[in-house]
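Visitor: I would like to learn how the words used for a protein model are backed up by values. Could you take me through one?

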Amino acid sequence: MKSFVDQLSKYASYHRDRRNIATHFVGIPMIVVAVVILLSHPTFAVIGGVAITPALLVMVLTSAYYLRLDVRFGIAMIAFLVGCLGFGQLMAVEATNTWLAWGIGMFVVGWIFQFVGHFYEGKKPAFFDDIMGLIIGPIFVAAEAAFLMGLRKEVQAAVESRVGPTIIRKSVSA
């Protein structure tokens, strides 16, 4: 398995323009919430007040992977995913049209943000070349948020030593 720095560096190589990263702060959480909403149906069982849904199963697997990559970021991601799961379960009990409108609407708007960001970047999204980009994207956003707060400087330095610092590109190529 690739290390956390390996995974972040590969993903970061597609995301060096600060405007692209900024759009990812909006787009990726929206997409994650949307996927959780959509996977919160059907409920297979309720055990101890917890709905067993495809969303819960995906969250458990994804959380285990994030913890294996990096314990501190893994814990942060679990906290985010638990919040998403709670919201997803609230939406899952709504009328089908409401549940679908929230899930599909957030998914589409989230991807619009993503593609606007990649327009600024002048590069295609990472998952076009490596499907793992879909899993790494959320933890990349968590890492970028931590870096902005001055946290995990050793991880930031390791990533930037491989792919360079973030910048604002002067020209945009489509």
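Guide: What follows is a set of questions about this predicted model, each answered by setting a value against a rule.

Visitor: How do you know that Gln 114 is buried or exposed?

Guide: Buried means under 20% relative accessible area. Gln 114 has a value of 5%, so it is buried. This residue lies in helix 5. Leaving aside neighbours within four places in sequence, Gln 114 is in contact with Asn 20, Thr 23, His 24, Gly 27, Ile 28 and Ile 31.

Visitor: What makes helix 6 largely enclosed by the rest of the structure?
Guide: Twelve of its 16 residues are buried, so that description follows from the count. Among the buried ones are Gly 133, Ile 136, Pro 138, Phe 140 and Glu 144. The cover over the buried residues of helix 6 includes helix 1, helix 2, helix 3, helix 4 and helix 7.

Visitor: How do you know what span to expect for helix 3?
Guide: The rule is 1.5 Å times one less than the number of residues. Helix 3 has 16 residues, so it should span 22 Å, and its end C-alpha atoms are 23 Å apart, which agrees. Helix 6 can be checked in this way too: it reaches 21 Å from its first C-alpha to its last, close to the 22 Å expected.

Visitor: Which residues of helix 3 are buried, and what covers them?
Guide: The buried ones include Pro 54, Leu 56, Met 59, Tyr 65 and Tyr 66. Among the elements covering the buried residues of helix 3 are strand 2 (50–52), helix 4 (71–92) and helix 6 (133–148).

Visitor: What makes up the largest nonpolar core?
Guide: That core has 39 residues, and those with the most contacts inside it are Phe 4, Leu 8, Phe 73, Ile 139 and Phe 140. Helix 1 through helix 7 each give two or more residues to this core. As for Ile 139, it touches Phe 4, Leu 8, Tyr 66, Phe 73 and Met 77, not counting residues up to four places away in sequence.

Visitor: Why is the pair Asp 6 and Arg 162 called a salt bridge?
Guide: The cut-off is 4 Å between a side-chain nitrogen of Lys or Arg and a carboxyl oxygen of Asp or Glu. Here the N to O distance is 2.4 Å, and the side chains of Asp 6 and Arg 162 meet in a salt bridge. Asp 6 lies in helix 1 and Arg 162 in helix 7, so the pair ties together parts that are 156 residues apart in sequence.

Visitor: What makes Asp 6 and Arg 162 count as partly exposed?
Guide: Partly exposed lies between the buried limit of 20% and the exposed limit of 50%. Asp 6 is at 27%, so it is partly exposed. Arg 162, at 47%, counts as partly exposed as well.

Visitor: How far apart are the closest N and O atoms of Arg 152 and Asp 70?
Guide: They are 2.9 Å apart, and Arg 152 forms a salt bridge with Asp 70. Arg 152 is buried, with a relative accessible area of 12%, and Asp 70 is buried at 11%. Asp 70, Arg 72, Arg 152 and Glu 154 are linked in a network of salt bridges.

Visitor: Which residues make the nonpolar surface patch?
Guide: The patch of about 520 Å² is made by Val 35, Leu 100, Ile 104, Phe 107, Val 108, Ile 112 and Val 116. Helix 5 gives the most to it, with six residues.

How values were computed. Residues are numbered from 1 along each chain as its sequence is written. This is a predicted model: local features need pLDDT of at least 70, side-chain atom pairs count only at pLDDT 80 or more; totals for chains, interfaces and linings use all residues. Side-chain values use heavy atoms; hydrogens and water are left out. Helices (H or I, at least four residues) and strands (E, at least two) are DSSP runs, numbered from the N terminus. Buried means under 20% relative accessible area, exposed over 50%, partly exposed in between (1.4 Å probe, protein chains only). Contact means heavy atoms within 4.5 Å. Patches are made of residues with over 30% relative accessible area and no salt bridge: like charges are joined within 9 Å, nonpolar side chains (Val, Leu, Ile, Met, Phe, Trp, Tyr) within 5 Å. Accessible areas come from the Shrake-Rupley method with a 1.4 Å probe; for residues, only the protein chains shown count as cover. A nonpolar core is a set of buried Ala, Val, Leu, Ile, Met, Phe, Trp, Tyr and Cys residues joined through side-chain atoms within 4.5 Å.
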